[in-house]
Amino acid sequence: MQNLDQIPRGSRANRLLQLSIAVTIAIGTMVLVGWAFEIQALKSVLPNYITMKANTASGFILAALAIWSAAGQGSWRKYLSFALACGVGLLGGLTLLQYIFNVSFGIDEFLFADPAGIKGKFPPGRLAPITAINFMLINLAFASLMIPRKPFYKCAQFLVLLTFVSAFQAIVGYASGMTYSFGSAYYTQMAIHTAFLFCFIACGIFSLYPTEGFLPAFNSSNAQGKVTRILMGAAVLISPVFNLLYIKGQRAGLYDADFGMLIHIIANIIIFGGLVLWSSMLLYRSEIQRQERKISG
């Protein structure tokens, strides 16, 4: 297992990894405390929000410990990491089987009773289907990392990316107030702090191998890496922010749907067009400097 201290730009990756582990364990522990002492704010953050189930909190703690173990030295930690990840995957797999076959294995309220449930949509104490699937994806990602080959690094990163995207859609849904507004939305529901922790877990796993798979271009210290990080950040943040402003403005009666959509489109063109021009100038200047150094050398 490769250690972060041996990887270029490891200090940045190490900070992100340590942050993801610390935040995940801290919030997971607080949720368990909330279930133990019936503190609703720790379970659901805000009134009428979905609660993070005790099994979900336990799965996150196992996942954080798996990342911590994977980042250390020694082959035994590699296998310990995989064993912890298997615990996460087993929790997700058993929960999903309960949904598919409409059975109960007695795991939902194994830690704490959940008399309230979630508005009758889920059995008491049972984590959401999308949460179970994400736990299985995390397990599969760690299984891929057991094989030190480039295709498997890419496979692991793709699986983690799926986890991140599913969690991010929940965050966007909460921010825009659209969490329950479509068809079979309850299959993709997760607690707000569950969604954030999946994002932290995804960042932690990405940080384990910042120079493998799809990540070298993203983590590069040159101009190309800087442009990649800025454009990726813009792609993730700008569009949801504009959508949120569009929805809030329309609901407030500031404009009708057609005019609001026009403003939205024009704003996206201006922002992303400006980013493309700025990025091209940055790359152009970098290339000029490289050629000047080559000539002077």
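User: What makes Cys 199 count as buried?

Analyst: This is a predicted model, and in it Cys 199 has a relative accessible area of 9%. Buried means under 20%, so Cys 199 gets that label.

User: How many disulfides are there, and how do you know?

Analyst: The count comes to 0 disulfides. Take Cys 155: the nearest cysteine sulfur belongs to Cys 86 and is 15 Å away. Cys 199 is in no disulfide either, with the nearest cysteine sulfur, that of Cys 203, at 6.9 Å. Two sulfur atoms have to be within 2.5 Å to be called a disulfide, so Cys 155 and Cys 199 both stay out.

User: Why is the contact between Lys 43 and Glu 38 called a salt bridge?

Analyst: Their side chains meet at 3.2 Å, N to O. The cut-off is within 4 Å, so the Lys 43 and Glu 38 pair qualifies. As for the general idea, side chains of opposite charge can pair when their charged atoms come close.

User: Which of those two partners is buried and which is exposed?

Analyst: Lys 43 is buried, because its relative accessibility is 4% and the limit is under 20%. Glu 38 comes out at 53%, and since exposed means over 50%, that is its label.

User: How many salt bridges are there in total?

Analyst: The count is 3 salt bridges. One of them joins Lys 53 to Asp 114, with the closest N and O atoms 2.5 Å apart. Lys 53 sits in the loop between helix 2 (40-44) and helix 3 (54-70), while Asp 114 sits in the loop between helix 4 (75-101) and helix 5 (129-145). The pair links distant parts of the chain, 61 residues apart. Lys 53 and Asp 114 are both buried.

User: What makes Asp 108 and Arg 126 a salt bridge, and where do they lie?

Analyst: Their closest N and O atoms are 2.8 Å apart, and the rule asks for within 4 Å, so Asp 108 and Arg 126 pass. Each lies in the loop between helix 4 and helix 5, so the pair ties together parts that are 18 residues apart in sequence. Asp 108 and Arg 126 are both buried.

User: Why is Trp 35 called buried, and where is it?

Analyst: Trp 35 is in helix 1. Its relative accessible area is 4%, and anything under 20% is buried, so the label holds for Trp 35. Trp 35 and Phe 112 are 77 residues apart in sequence, yet 6.6 Å apart in space, C-alpha to C-alpha.

User: Which residues and helices line the largest pocket?

Analyst: The largest pocket has a volume of about 930 Å³. It is lined by 29 residues, and the closest to its centre are Cys 203, Phe 206, Leu 215, Phe 218 and Met 232. Elements giving two or more residues to the lining include helix 1 (10-37) and helix 9 (223-251). Helix 6 gives the most, with 7 residues.

How values were computed: Residues numbered from 1 in each chain as written. Predicted model: local features only at pLDDT ≥ 70, side-chain atom pairs only at ≥ 80, totals over all residues. Heavy atoms only, no water. Buried < 20%, exposed > 50% of the residue type's maximum accessible area, 1.4 Å probe, protein only. Helix = DSSP H or I, 4+ residues; strand = E, 2+ residues; numbered from the N terminus. 1 Å grid on protein atoms, 1.4 Å probe; cavity = no way out; pocket = protein on both sides within 12 Å on 5 of 7 lines; lining within 4 Å. Points joined across faces, edges and corners; volume = space filled by probe spheres on them.
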